[in-house]
Amino acid sequence: MWHLVLEGINNFALKEAPEPTLQSPTDVIVKVSATTICGSDVHFVLGEIEETPWGFPLGHECVGTIHQLGPDVRGFKLGDRVAVSPGVWCNQCDACRGYKYQTCESFGIFGSGKNLGDLGGAQAEFVRVPCADNTLSLIPDGVSDAQALTVGDMLCTGWTGVERAAVGPGATLLVFGAGPVGLCALHSARLQGVAKVIAVDVISDRLEVAKAMGADHVINASLEDVAEVVLELTDGRGAEAIVDAAGVKSTFNAWAPVAALNARISMVAIPSGPVELPLAQLQMKGITVWTGLADPNRTRRDFLLQSIRDGTLEPSLIFTETISFKNIVTGLQEFIERKPGLIKPLIVF
Ligand SMILES: [Zn+2]
Ligand SMILES: [Zn+2]
């Protein structure tokens with residue numbers, strides 16, 4: 001089979017490898033039908049995630065069908081259409097029961113190298129999925145591959161960001177960064193009780209998609225004074241909840257001026273190095289900052305898939321183009337170079 005392998009900084013290629021085989025009775029082999037590229041792949045490619053030995057397969061988001069099935073897998077059968085979670089844990093050991101997945105013996109993240117479980121990549125024709133009953137979700141009839149592909153990472157991360165910003169009913173949510181995660185955050189906000197959604201970015205194409213996905217107001221930070229507009233839109237209060245899906249110096253500096261008193265900020269972007277925060281300004285407003293990534297537990301993923309099936313969520317608008325897997329190297333280059341108009345590519349086989 002073919003998979004995308006990262007050999008060093010900015011050095012990646014499609015390589016041929018043996019098809020993965022079942023290694024444990026709770027494993028499944030998934031034949032991938034769609035995959036995509038994530039901002040965290042770029043961090044790996046640029047060598048920003050330290051101490052990962054090179055030569056590992058990339059990708060942690062995919063959907064497909066069950067090609068081989070371990071004898072102890074209960075909830076799935078051969079041929080089922082499934083969405084794969086980016087992260088693996090058994091959900092049965094003491095660590096998992098205490099919500100400390102990262103100390104679970106089975107813990108790993110697909111396509112993230114030796115230090116994170118040494119699993120295969122999702123940018124591949126086939127992938128071995130450990131702890132399949134917890135790692136997979138059945139895709140309901142009527143939900144497309146593109147829709148289901150968002151659930152494990154983008155939609156879960158966006159949802160978690162909004163949730164950890166602890167929005168109360170009627171709150172105003174401000175989202176920095178209208179990339180895939182920011183778009184999914186604002187898209188899921190109404191379902192979590194948010195009354196007003198403001199999206200901030202510097203790229204107008206992205207802000208157009210933000211409007212289509214549920215933003216009430218969009219602000220182009222390269223053209224407008226963000227704090228001024230936010231205060232105007234909130235009767236001078238500022239936003240009670242903020243999701244930072246950009247994670248750059250200019251957004252860190254913008255937090256305090258746009259935040260309401262006692263606001264909560266979810267920082268879900270992965271910064272590309274150590275950051276400086278204007279702590280005193282945040283302190284004056286009693287602001288709480290939460291940092292983290294998705295909480296992609298099975299219950300949540302299944303709920304999101306049901307919400308897509310019901311028509312409450314339509315996250316596939318984040319995919320701005322479809323490319324064939326054989327062109328994934330070009331796709332990744334364009335993603336790294338931030339090709340104009342590209343938000344997220346849907347990669348099909
Ligand atoms: Zn990701
Ligand atoms: Zn466990």
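The protein chain has 12 helices and 18 strands, where helices (H or I, at least four residues) and strands (E, at least two) are DSSP runs numbered from the N terminus. This is a predicted model, in which local features need pLDDT of at least 70 and side-chain atom pairs count only at pLDDT 80 or more, while totals for chains, interfaces and linings use all residues. Residues are numbered from 1 along each chain as its sequence is written, and chains are lettered from A and ligands numbered from 1 in the order in which they are written.

With 349 residues, a compact globule would have a radius of gyration near 20 Å, and the 20 Å of the protein chain agrees with this; the radius is taken over C-alpha atoms, and the globule rule is 2.2 Å times the number of residues to the power 0.38. Along its principal axes, the C-alpha trace spans about 60 × 40 × 35 Å.

The domain assignment, automatic or from a database, gives domain 1 (2-138 + 314-348) and domain 2 (157-291). Their centres, taken over C-alpha atoms, are separated by 28 Å. The contact between them takes 10 residues from domain 1 and 13 residues from domain 2, two residues being in contact if their C-beta atoms, placed from the backbone, lie within 7 Å. On the side of domain 1 that touches domain 2, the largest share, 3 residues, comes from helix α1 (residues 39-45).

Helix α7 (residues 204-212) has Arg-206, Leu-207, Val-209 and Ala-210 as its buried residues. Because they cover an arc of only 155° around the axis, they are on the same side of α7, the arc being that of the directions from the helix axis to the C-beta atoms. Ser-204 and Ala-212, on the other side of α7, are exposed. The buried residues of α7 pack against α6 (180-189), β12 (196-201) and β13 (217-220), and just after α7, Gly-214 takes a positive phi of about 125°.

Terms used: Buried ≥ 20, exposed ≤ 12 C-beta atoms within 10 Å, placed from the backbone.
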